[in-house]
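Student: I want to check the terms against the numbers. Please set each value beside its cut-off.

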Amino acid sequence: MATNLRSTTFNSGPSSTEADDEGVQGTCEDASICKRFAVSIGYWDDPYLQHLVRLSKERKAPEINRGYFARVHGISELIKAFLRKTECHCQILNLGAGMDTTFWILKDQDLLPDKYFEVDFPLIVTRKVHSIRSRPHLSKPILELHSEDTLQGDGHMLDSKRYALIGADLRDLATLEEKLKKCNMNTQLPTLLVTECVLVYMTPEQSANLIKWAANSFETAMFISYEQVNMDDRFGQIMIENLRRSLANLVSAEAAAADLPGADMWGPECCPGLVSVYPTFQTSLPRAAAALPAPVSLPVK
Ligand SMILES: C[S@@+](CC[C@H](N)C(=O)[O-])C[C@H]1O[C@@H](n2cnc3c(N)ncnc32)[C@H](O)[C@@H]1O
């Protein structure tokens, strides 16, 4: 996969790297709008997303809704399994979190880890910080667990006792680590790292560095990575075309998850595809998803 497909378009504008980063940041909007739409028609419950993301007028295809349901449900089940295993005495690092609402949902379920960290590009974090500070539905749950009346931080970050939101580039590991430590990341605590459709926007080498950093930094850790793989079929090609049109290159799309660089530094790994995992969700499928015919293909495999 070429990483410079759009460079000629941007000769007089921002550098291709800046333009690529802008496109990648745009994927946050795409993902959260798709999730918001699926939530609005009953695929799953999320009372917090509406405070972070607008509702798009455009309807999404059932395959998209079902794909997002499977993605959110699958990751949520794994997160909860980790929390139960550690009796919540752990920390979670959601890397490339976008407008993710897991922190608020876990709080409602009384399943919060000792601390929940979110990281994304500063631009995305600034938007999220603004929404949190201006919406009591988002700020109150954080303040309830905090020892002070106000949240610490500036436009690019927010820190509290149980939740931190950090603006950082996942390709700059020294700065990432420094910022996490400033927010009291504890490398001795069992740690769950989550990347949900994030590594695919970095080169295999950059992903490898992040995975190796994580493997070397924590005493006990688990890594959940949900990424697009096997992109050479028709569905994958259409997805790549759509993303290119909206300025984001899937720079790692050629790297199969099983070959994820750095993955060999972790213990036993498993890499199931959605097509095999989806049928195991049948009992928890919401009515809207269960009533539809079985998907022929899913957005992310
Ligand atoms: C497809 S969105 C997914 C967002 C969220 N994980 C979800 O599934 O709703 C990819 C996210 O990764 C973030 N991201 C990608 N590369 C990054 C990097 N190098 N540093 C920080 N964030 C990054 C983007 O800004 C974006 O929010």
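Tutor: Take a bridge to begin with: Tyr-116 in β2 is the bridge partner of Ile-92. The model is predicted, so local features need pLDDT of at least 70 and side-chain atom pairs 80 or more, whereas totals for chains, interfaces and linings use all residues. Numbering starts from 1 along each chain as its sequence is written, and side-chain values use heavy atoms, without hydrogens and water.

Student: Why are β1 and β2 called a pair?

Tutor: Strands are DSSP runs of E with at least two residues, helices are runs of H or I with at least four, and both are numbered from the N terminus. Two strands pair if DSSP finds at least two bridges between them. Strand β1 (residues 91-95) and strand β2 (residues 115-120) have five bridges in the parallel sense, so they meet the definition.

Student: How does the chain get from β1 to β2, and what is the hand of the crossover?

Tutor: The chain passes through helix α3 (residues 102-108), and this β-α-β crossover is right-handed. With the strands pointing away from the viewer, the path from the first strand over the helix to the second runs clockwise, hence the name.

Student: Which other strand does β1 join?

Tutor: Strand β5 (residues 191-196) runs parallel to β1, with four bridges between them.

Student: Why is Lys-128 called buried?

Tutor: Its relative accessible area is 0%, so Lys-128 falls under the cut-off for buried. Lys-128 belongs to helix α4 (residues 122-134). Its C-alpha atom is 9.7 Å from that of Asp-100, 28 residues apart along the chain.

Student: What does β4 pair with?

Tutor: β2 pairs with β4 in the parallel sense over five bridges; Glu-118 has Leu-165 as its bridge partner in β4. Strand β3 (residues 157-159) pairs with β4 in the antiparallel sense over three bridges, with Met-157 opposite Ile-166. β3 and β4 form a hairpin, with three residues between them. Strand β4 (residues 163-167) is also mostly covered, with five of its five residues buried.

Student: Which residues are closest to the ligand, and how many surround it?

Tutor: The shell has 22 residues, and the closest are Lys-35, Arg-71, Gly-96, Asp-120 and Leu-170. A residue counts as near if one of its heavy atoms lies within 4 Å. Helix α1 (residues 16-40) gives the largest share, six residues.

Student: How much of the ligand does the protein bury?

Tutor: Alone, the ligand exposes 590 Å², and the protein buries 97% of that (Shrake-Rupley method, 1.4 Å probe; for residues, only the protein chains shown count as cover).

Key: Buried means under 20% relative accessible area, exposed over 50%, partly exposed in between (1.4 Å probe, protein chains only).
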